[in-house]
Amino acid sequence: MVKYNLNSQSYSTFQLTSLVVLRILIGWHFLNEGISKLLNPYWTSSAFLNESQWIFAGIFKWMAATPAILNIVDILNIWGQIFIGIGLIAGFFTRTACLSGAVLLFLYYLCWPPLIGFSYSAPQEVNYLFVDKNLIEMTALVVLFLFNSGHIIGVDRFILLRKQRKVIQ
Amino acid sequence: MSGEEKQLIKTPKAGRRDFLKGLATIPVFGVFIAGYLAKRSHDRSQQYNIFADIDLDLEEFENSNIGLSEQPGDSIHLGIIGVGSRGKNILDSLGFSEHDEKDGSNNCADLNITLAGVCDVYDVAAETGIALSQFNQYSKKSARKNKAQRFRHYQEMLESKDINAVIIATPDHWHEQIVIDAAKAGKHIYCEKCLTRTIEEAYQVRDAIRASRVVFQYGHQNRQQNAYHVARKIIEKNVLGNITLIKTHTNRNTPAGAWLRHLNRNVNPSDVDWQQWLGKAPQQPFSPSRFFGWQKFFEYSGGLPAHMFSHEYDAINQIFNLGIPKSVVASGGIFYWKDDRNTPDVFQAIFEYPNRELLLTYDATLASSSTGEYQSGAKTKEIFGSDAWMKLSMDINVMADRHSKRFKQKIDSGMIQPSQPFLSYRPGLKPGSLDAITSASERYYASQGLVYTYQGGKKIDVTYLHVKEWLDCIRNGGTPSCSIDHAFEDAITCLMATKAYLEGRKVEWDAVSEKII
């Protein structure tokens, strides 16, 4: 007998723990990045955008060169990172947070793709070839999106319970 | 969900277990906040805010000079004399461009100007000027189909009632005569550096401008450079301590940089009024090398000091108000570019300011683009004080001296690291974007700023601003920032170095009689 259908997937305790830990770690990373930017009055994405390479460089540089757009990009970046971080840690709108985080990371990847012959001036501690940390973190978020855990360990659990109560009533 | 299934499911009421599972990860936020506050408190203990210490607010500089209002009244009718590479650059900065769009153009307003006259001894250059005069990308009235009149001699242009003001971008050996005649004709003058070819001519030009009522602007567009205004403020606040040495440089390593500008250019001698171009200079058969690369010859210019040091000197002069040095020694030679030139390609000069207790030095080579120890690009100036030194280009970085008494305590406590800038200014980031903080976590942002060339936001062409300032003074009165007095100081200082090199002696300036000794 199923107690109540919280999950179409069922995980072993170890599987569930791993998914939640990975979710918290990525959430922590996002939250710290967002808060650090929020509290640094000098931060702007312009330098990052300006050094973009490859076929999308034109779009990113245009963003940096247009003050109004740059301002929006900066605000979206800061608050996007903060909300994604909170969502992942708390398990609140987890799947939305996973997807938004993956999209954001994919944009970072496209802005600074680690392709052969491309180099960037921000410090990079290792040499990348096609695969960088953005791509790995993005893929981890896709995995977390597909193997959801927020409705088991997370605030989403309450949302699901509420939904199910409505269905039954 | 079928009715059968519904019955199997118990009413999903949030129990204690649900509550625990739903909020299981919330304590992570507590750990995050505690960790973040601990890190912030550690960083703060390592921070030193120099701006608070010296009571310096730099926000005003970010918005200075960028007046974007449209110019009222009648259009000022400009004439340009000399449409070589610099003349064309000026026209481009003013919006007379073949390109539809220019980087930073969105920051430029309609200057309400008409390019009414073009004068050049070279048909191709004159035709270029006329072509450019027909479209101004900053002007909403560009559809009015203006077409500049060609003048074959500058005097014809000065006689024209249709011209209010002239831009002089000829070779230096023509500056004196044209400026004097333009001042007499009552035309406002924007004159490129170097003011004159010889020291003697500089007196004549100054007298002519002083005797006239025209508005004169000298073409050192970097008077509009925010970094120099900020540097002046920092130095006034005595952050650097006792300043005794200022080093300036020129480092080039290309044929064009060494003024071999006739290469790959087909010029038909019949298109050039060579005799007019020579003017008072010694007779010479037509030479493309001289025509396009006149900077290589003392017959037409003052050589490296007049062309390259002039920029460096004006930067330093606007910061320190140094004026003319007491004495100059110089050395150099033609060591690399073994062509027909007679001006040196490697050059050094020392300018003494005993009353200011400092030396200004200039070293230049046209055979290496390396700036040596300070690989931060050409035109970097180094200003050395007893407490700190400043690296100045378009950016400013101030590093503490490891033996500074003023900063000793902060160096010992790790708040200032002498190898790292403790005060940086990078124009154009965000209004008031000043990095005056040293801490491990903030240094990353600082280092990013040092390596990037910012291209967005409020980037604006300094030549546009410099000409705009001149036009504003023509319309509203006032004296532009690079007046005839600054031009005179610049010409005398630069040409003293040329004279010291040519005569192989220390050249001295008598400030009382205003004579070279």
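This is a predicted model: local features need pLDDT of at least 70, side-chain atom pairs count only at pLDDT 80 or more; totals for chains, interfaces and linings use all residues.
Okay, a definition to begin with: two strands count as paired if DSSP finds at least two bridges between them. Keep that in mind for chain B.

In chain B, strand E11, residues 381–385, and strand E12, residues 388–392, pair in the antiparallel sense, and they do it over four bridges. The two strands make a hairpin, with two residues between them. If you want a place to look, find B:Ile383, which stands opposite B:Met390 in E12(B).

E11(B) has another partner too. Strand E7 of chain B, residues 243–251, pairs with E11(B), again in the antiparallel sense and over four bridges. Here you can look for B:Ile243, whose bridge partner in E11(B) is B:Gly385. How many of the five residues of E11(B) are buried? Four of them are, so the strand is largely enclosed by the rest of the structure. As a bit of background, side chains in a regular strand alternate between the two faces of the sheet.

Let me step back to chain B as a whole. The chain has 517 residues, and buried ones make up 56% of them. There are 18 helices and 17 strands in chain B. Take the contacts in this chain between residues at least 6 apart in sequence: 72% of those join residues at least 24 apart. The accessible surface of chain B comes to about 22,800 Å², and carbon and sulfur atoms hold 49% of that.

Now a helix in chain B, H17, residues 462–476. With 15 residues at 1.5 Å a residue, H17(B) should span 21 Å, and its end C-alpha atoms are 21 Å apart, so the two agree. Is this helix enclosed or open? Well, 12 of its 15 residues are buried, so H17(B) is largely enclosed by the rest of the structure.

Most residues other than glycine have a negative phi, and most peptide bonds are trans. Now some places to check against that. The peptide bond from B:Lys193 to B:Cys194 is cis, with omega near -5 degrees. B:Cys194 lies in the loop between strand E5 and helix H10 of chain B. Then there is B:Asn238, which is not a glycine but has a positive phi, near 60 degrees. You'll find B:Asn238 in the loop between helix H11 and E7 of chain B, and with a relative accessible area of 43% it is partly exposed.

Chain A has a positive phi to show as well: A:Phe130, again not a glycine, has phi near 65 degrees. A:Phe130 sits in the loop between H5 and H6 of chain A. Its relative accessibility is 39%, which counts as partly exposed.

While we're in chain A, look at helix H5, residues 94–111. The helix has 18 residues and reaches 26 Å from its first C-alpha to its last, close to the 26 Å expected at 1.5 Å a residue. Its buried residues include A:Ala97, A:Cys98, A:Gly101, A:Leu105 and A:Tyr109.

One residue of H5(A) to zoom in on is A:Arg95. At 37% relative accessibility, A:Arg95 counts as partly exposed. Leaving out residues up to four places away in sequence, A:Arg95 touches A:Phe145, A:Leu146 and A:Asn148. A:Arg95 and A:Leu146 are 51 residues apart in sequence, yet 8.2 Å apart in space, C-alpha to C-alpha.

Last stop, the surface of chain A. A:Leu38, A:Leu39, A:Ile75, A:Trp79, A:Phe83 and A:Ile86 form a nonpolar patch there, with about 540 Å² of accessible area together. Helix H1 and helix H4 of chain A are the elements that give two or more residues to this patch. Which element gives the most? That would be H4(A), with four residues. A:Ile86 is found in helix H4 of chain A, and its relative accessible area of 31% makes it partly exposed. The cut-off for joining a patch is over 30%, so a residue at that value has to clear it.

Methods. Residues are numbered from 1 along each chain as its sequence is written. Chains are lettered from A and ligands numbered from 1 in the order in which they are written. Side-chain values use heavy atoms; hydrogens and water are left out. Patches are made of residues with over 30% relative accessible area and no salt bridge: like charges are joined within 9 Å, nonpolar side chains (Val, Leu, Ile, Met, Phe, Trp, Tyr) within 5 Å. Accessible areas come from the Shrake-Rupley method with a 1.4 Å probe; for residues, only the protein chains shown count as cover. A salt bridge is a side-chain nitrogen of Lys or Arg within 4 Å of a carboxyl oxygen of Asp or Glu. Buried means under 20% relative accessible area, exposed over 50%, partly exposed in between (1.4 Å probe, protein chains only). The expected span of a helix is 1.5 Å times one less than its number of residues. Contact means heavy atoms within 4.5 Å.
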